[in-house]
Each structure stands twice: as structure tokens, then as C-alpha cells.
Amino acid sequence: MEYLGKESAWELFRSNLSTKAVMALESPATNNVVREHAEAIVQSCGGLPLALKVIGRAMAGLTEPDDWSDAVQETKDDLKELDGVPAMFQILKYSYDKLIETQQQCFLYCTLFPEYGSISKDKLVEYWMADGLIPQDPKKGHRIIRSLLSACLLEHRKSDSSEVKMHHIIRHLGISLAGQENIIVKAGMSLEEAPSQRKWQTARRISLMFSDIEDLCIPPECKNLVTLLDQHNPKLERLCSTFFDFMPSLRVLDLSHTSITTLPVCKTLTKLKYLNLSHTSIESLPEEFWVLKELTHLDLSVNKALKDTFDNCSKLHKLRVLNLFRSNYGIRHVNDLNIDTLKKLGFLGITIYAEEVLKKLTKTHPLAKSTQCLSLKHCKQMESIQISDFTHMVQLGELYVESCPDLEQLIADYDKQKASCLQVLTLAELPPLQTILIGSSPHHFRNLLEITISHCQKLHDVTWVLKLEALEKLSICHCHE
């Protein structure tokens, strides 16, 4: 851990203050009380850069001596040791205390994720909305993320602006506060067994993600539980049939990246808003699944075993997000495209198994404007794909073309409409594919960031990628010829 000297510590603290606060510090008055208080606060930070930044941001707007005097009093406490490092918990908690209640609860929610891990901004906002911490307005969630970043309670992940992370010392502060809010955090602890039933009884939020739990066979009684995060437990194969019987308040459930094959009876989950079953081995949804009428977010993507939804999705009229991208369950016949009753749908990920279905969707079908992820799989007799045919999919960001046995060419022609949103393209298991044509600029691939090409043995020429000025990542494998 790096510690700063007296001068460097002062400059770092000062750099996080507002112009007016700096003017108050530098007042020529012989008895500058503000500067005295500021120096005392800097000294209490022990040269720890994180503490200096956090407390500097929290005090950025203070200009009056009385305000600085109060701040000094609030931050006074015995320094505690954390793994040999001065934790400065009281110093850091001052910044937390300055947040409004909603921001505080959203901050504590971030502790549910593993230490040193990154957190998707979009996923975090979805969780917050479903949990009831914020209204159904993603913009509100992203404003809160910006406020936590501004307070240095969250940090940007350097390589990806779509994700944030939490400094491990800040996280330890958060966990110490989370315990007072009935939040159980066991993320990334490689648990082989779930916490005892007694611990579930008063819990409001529980995170068991990134562990080695094999089964959840004892139905816990937790009437206050709102969020349960069980994702990334690859050994988890079974939940007992009565697991959800005593969770009437549950609103957020994430079981993604587990090995479960069935979902227990869930008719008691009438308040559930967010359900993630992606990357699992679930074969079908329960027949009574339609009772989850409050569901706004349903993720069944990359589910290789899903065979039947019993037409349940079309009955969930509050769905804003429905993701069936790269799922074994897909649309095989035109008449199956019957989820246009979902009027609130803003995000659709879909898998299509027939060219006639694709033609219907790419015209003026109501679902076209919501389609953001599209997977084309086993589409027989489809010899060519022309990206301009997807014009009505105004939000299409990812296209995955796989195992289409007759596909010979892909054309990204001149884009005379507004800029294409397509950023990710995958071409896999396409033995006949020979040609990819790029039209004159501006073309439909001009915003592509990532391309993956695999098992396309007849694709000889890939020099067209040189025309893709936005491209950041290119992966080509198993294209022998």
C-alpha cells in the first residue's frame, strides 16, 4: 500500500476540493481556522491516497469555519487496523454519511459482488430497479453511479467504461455497514455449503455468487428476502422442490452460470421482477410460470437445453427485457412469433431457426425495434445475408450467425439510413461461407468493435477488416483453407 508524504498528501486532498473551498484554505487571515481544520483532517488520513481522495470529495463544498469544525468532529475516531493497513473507516464513513439514503442503499448493494471483481453498470441498474431501490428509470440509476464515482466510493475499470469496481478498503467499509442492514455477503468465498437456515431468516439480501455450492436442498424461511444472487456456482445442480415456498418478498433472483436443470415451483414468487437463468441447463419453464406477472426482466440466453416455455413469455405483459439470444429455444415457424403482445418490451434477444421468420421480423414487425441481439442458427436454404435488410432493427447491437448450412455470402452494403448500431459480429460453423462484401462508406459495419470468425473453412479473404476503423478485437480460428 502506497503512503504519501505530508506535502503530497496535502496537494492530493486540496486537488479534490472546490475552487471556493481552496480559496477558504488559502485565505491570508492570520487565524485561518479552515486551514487548521483541513490540516488536521489530512493528518488523520495517515497519507493514505484513497482516504485523502474520498474525504476531499466529501468536503469539496465546505467554505465556512463552522462546517469544517463539524467535519473534524465527525471524522474523529480511533484508527483501526485492517490487515496491517490503517482502515480509516471513520474518515471514509464520513463520505458515506453525506450520501442520501437511496445512494447509501445502492452503495451497499455493490458489496454483494466479489472483492476485486468488476461490476457491469447496466446490470447494477437492473438489479436496483428490480429490488425497488430506484424507480423504473435506468437514467436515474446511472446518475447514482456517477455520484458514487464522484465520491470515490466506486472506481472506473480502466479497460472498460461500462463497468465499475470497488476498492477493497471501501468494500470492507461497505460490508461492515451491510451487516447492519441484514445483508449477507459471501460472494467469491468458494463456499461448498450455503449459510445455515438461521442466517437466512432475517436476511434482506444474500449473495452467494462465485462459490462451489452443489445444492440448495433445505427450503429456507426468509420472508424478508428481496435479492438472492446465486450466479457462478458451476457445481449447483439442484434446488429442492419447495425452495421458494417461503420467499414471498423475493424480487431479484440470479441463477445464471449454474448447472441447474429444473426450476422449482415458483408460484409464490408473485413479486419477482428480475430472473436470470442464462448459461444454465434448464429444459423448460414451469407451466405455472405465467403467475410471475410482475416480472420485468427475464434472461434465458445461452441456454443450450431449453426446449419449451409453454408460451409463458407472451403472458408476462410487464416484461421490459426478454433475452433468448443463443438459446436452444428459438423461433422455428412464423406463427411462433407471437410475443408482440409485450408492449413494454425495450430489449429483445432472440434466436431464429428459419429464414422466413427472419424476413417477417426484419420488415415492420413490432418486435424489430426492440431487437438488440439476434442469433441465426440452422437456417436452411439461406444463401445470403444482407445487413441492409435489418434496417427496422434500429437497436441491433450483436449478430451471431451459426451453423447455417447453405450460407455463402454476407453483405454489409452502403448505409444510407442513420448509423448502424451493430458492434459485435460472430460467424461460426459456416463451412460454405466464401465471401464477405463491404460496401462504400458509410457501410453497415462501420461501428463494429468486435468480430469472431471460427470454422469457416472456405473464407479465404479477410482483408475487408481493414475497412473497419472502429474495430478493437478480431479473432479468427479453425478456418483451415
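Predicted model: local features only at pLDDT ≥ 70, side-chain atom pairs only at ≥ 80, totals over all residues.

Student: What makes β17 and β19 a pair of strands?
Tutor: Strands β17 (residues 384–386) and β19 (residues 409–412) run parallel and are joined by 3 bridges. Two strands pair if DSSP finds at least two bridges between them, so β17 and β19 qualify with 3 bridges. Within this pairing, I385 stands opposite L410 in β19. Strands are themselves DSSP runs of E with at least two residues, helices are runs of H or I with at least four, and both are numbered from the N terminus.

Student: How do you know that β19 also pairs with β21?
Tutor: Between β19 and β21 (residues 435–438) there are 4 bridges in the parallel sense. Here Q409 stands opposite T435 in β21.

Student: How many helices and strands does the protein chain have?
Tutor: The protein chain has 12 helices and 23 strands. Its C-alpha atoms fill a box of roughly 85 × 55 × 40 Å along the principal axes.

Student: Why is T351 called buried?
Tutor: Buried means under 20% relative accessible area, exposed means over 50%, and partly exposed lies in between (1.4 Å probe, protein chains only). T351 has 0% relative accessibility, so it counts as buried. T351 is located in strand β15 (residues 347–352).

Student: What makes the approach of the T351 side chain to R326 a polar contact?
Tutor: A polar contact is a pair of N or O atoms within 3.5 Å; within protein, one must be able to donate a hydrogen and the other to accept it, and residues adjacent in sequence count only if both atoms are side-chain atoms. The side chain of T351 reaches the backbone nitrogen of R326 at 2.8 Å. A polar atom of that side chain also lies 3.2 Å from the backbone nitrogen of S327.

Student: Which other residues does T351 touch?
Tutor: Contact means heavy atoms within 4.5 Å. Residues up to four places away in sequence aside, T351 touches several residues, among them L324, F325, Y329 and K377.

Student: Why is L322 called buried?
Tutor: At 0% relative accessibility, L322 counts as buried. L322 belongs to strand β14. Beyond its neighbours within four places in sequence, L322 has contacts that include L298, C313, I339 and F347.

Student: What makes K343 exposed?
Tutor: The relative accessible area of K343 is 71%, so K343 is exposed. K343 sits in the loop between β14 (321–323) and β15. Its C-alpha is 36 Å from that of E472, and the two residues are 129 apart in sequence.

Student: Why is E74 called partly exposed?
Tutor: With a relative accessible area of 39%, E74 is therefore partly exposed. E74 is part of helix α5 (residues 65–75). E74 touches Q90, Y94 and K98, when residues up to four places away in sequence are not counted.

Student: Why is helix α4 described as largely enclosed?
Tutor: In helix α4 (residues 49–58), 7 of the 10 residues are buried, so the helix is largely enclosed by the rest of the structure. The buried residues include P49, L50, V54 and I55.

Student: What makes helix α7 largely enclosed?
Tutor: Helix α7 (residues 101–109) has 7 of its 9 residues buried, so the rest of the structure largely encloses it. Among the buried residues are Q103, C106, F107 and Y109.

Student: What makes the phi of N182 worth noting?
Tutor: Most residues other than glycine have a negative phi. The phi of N182 is near 60°, a positive value in a residue other than glycine. N182 is found in the loop between α10 (168–178) and β6 (183–185).

Student: Why is H257 called partly exposed?
Tutor: H257 has 29% relative accessibility and therefore counts as partly exposed. Its phi is near 55°, again a positive value in a residue other than glycine.

Note on methods
Residues numbered from 1 in each chain as written. Heavy atoms only, no water.
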